[in-house]
Amino acid sequence: MEKLKKRWGIDSNFTVIIIFIVFSINGSFAAIIAKPIATFFGLSLETTSPWIYYPLRFLLIFPIYQITLPIVGWLFGQFKFFWNFEKKMLSRFGLGFLFK
């Protein structure tokens, strides 16, 4: 845990635990939200091949996750950390121009 605190620039173990909770809640939230959106677009396992359904579902979950991560982080009082985390992650994907 000390390595993470040093890497992330965090002082307390409590903050690390809060960050882990935010990551887990946001991942579950993004997956839950993606299902009705996929259904809205006509994607379901009954009508679509799993080889198509799961990659498309993943591609749908990814932007939802990116958008909601700072929001959920804000609810837990960690907006600054997650905003910086988002900027770093998206710049690694080549989308850093969105923040300039």
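Threonine 68 lies in helix H3. Helices (H or I, at least four residues) are DSSP runs, numbered from the N terminus. The model is predicted: local features need pLDDT of at least 70, side-chain atom pairs count only at pLDDT 80 or more, and totals for chains, interfaces and linings use all residues. Residues are numbered from 1 along each chain as its sequence is written, and side-chain values use heavy atoms, with hydrogens and water left out.

Threonine 68 has a relative accessible area of 11% and is therefore buried. Buried means under 20% relative accessible area, exposed means over 50%, and partly exposed covers the range in between (1.4 Å probe, protein chains only). Leaving aside neighbours within four places in sequence, threonine 68 is in contact with Asn26 and Phe29. Contact means heavy atoms within 4.5 Å. Phenylalanine 29 is 39 residues from threonine 68 along the chain, yet their C-alpha atoms are separated by 8.5 Å.

Helix H2 spans residues 13–40. It has 28 residues. From its first C-alpha to its last, H2 reaches 41 Å, close to the 40 Å expected at 1.5 Å a residue. The expected span is 1.5 Å times one less than the number of residues. The buried residues of H2 are Thr15, Val16, Ile18, Ile19, Val22, Phe23, Asn26, Ala30, Ala34 and Ala38. These buried residues pack against helix H1 (2–8), H3 and H4. Just after H2, glycine 42 takes a positive phi of about 85 degrees.

Helix packing was examined pair by pair. Two packed helices are described by the angle between their axes and the distance between the axes. Axes are lines fitted to C-alpha atoms, for helices over the stretch in contact, and angles run from 0 to 180 degrees between N-to-C directions.

The axes of H2 and H3 come within 8 Å and cross at roughly 135 degrees. That angle makes H2 oblique to H3. Angles under 35 degrees count as roughly parallel, over 145 as roughly antiparallel, 65 to 115 as roughly perpendicular and the rest as oblique. H2 passes H3 in a right-handed crossing. The residues of this contact of H2 with H3 divide into 16 nonpolar, 4 polar and 2 charged. Ala, Val, Leu, Ile, Met, Phe, Trp, Tyr, Cys and Pro count as nonpolar, Asp, Glu, Lys and Arg as charged, and the others, Gly among them, as polar. A crossing is right-handed if the near helix is turned clockwise from the far one by less than a right angle, and left-handed if anticlockwise.

H3 (residues 50–75) and H4 (residues 79–92) form another pair, with axes that come within 7 Å and cross at roughly 160 degrees. H3 and H4 are therefore roughly antiparallel to each other. The crossing of H3 past H4 is right-handed. On the H3 side, the contact involves Gln66, Leu69, Pro70, Gly73 and Trp74. These meet Phe79, Phe82, Trp83, Phe85, Glu86, Met89 and Leu90 in H4. By class, the contact of H3 with H4 has 9 nonpolar, 2 polar and 1 charged residues.

Glutamine 78 lies in the loop between H3 and H4. With a relative accessible area of 18%, glutamine 78 is buried. Not counting residues up to four places away in sequence, glutamine 78 touches Thr15, Ile18 and Gly73.

H2 and H4 pack at an angle of about 60 degrees, with their axes 11 Å apart. The two helices H2 and H4 are therefore oblique to each other. H2 passes H4 in a right-handed crossing. Ile19, Val22 and Phe23 in H2 meet Phe81, Phe82 and Phe85 in H4. This contact of H2 with H4 has 6 nonpolar residues, no polar and no charged ones.

Phenylalanine 82 is found in helix H4. At 0% relative accessibility, phenylalanine 82 counts as buried. Beyond residues up to four places away in sequence, phenylalanine 82 touches Ile19, Val22, Phe23, Leu69, Pro70 and Gly73. Valine 72 is 10 residues from phenylalanine 82 in sequence and 9.0 Å away in space, C-alpha to C-alpha.

Lysine 87 is also found in helix H4. Lysine 87 is partly exposed, with a relative accessible area of 30%. Lysine 87 and lysine 6 are 81 residues apart in sequence and 19 Å apart in space, C-alpha to C-alpha.
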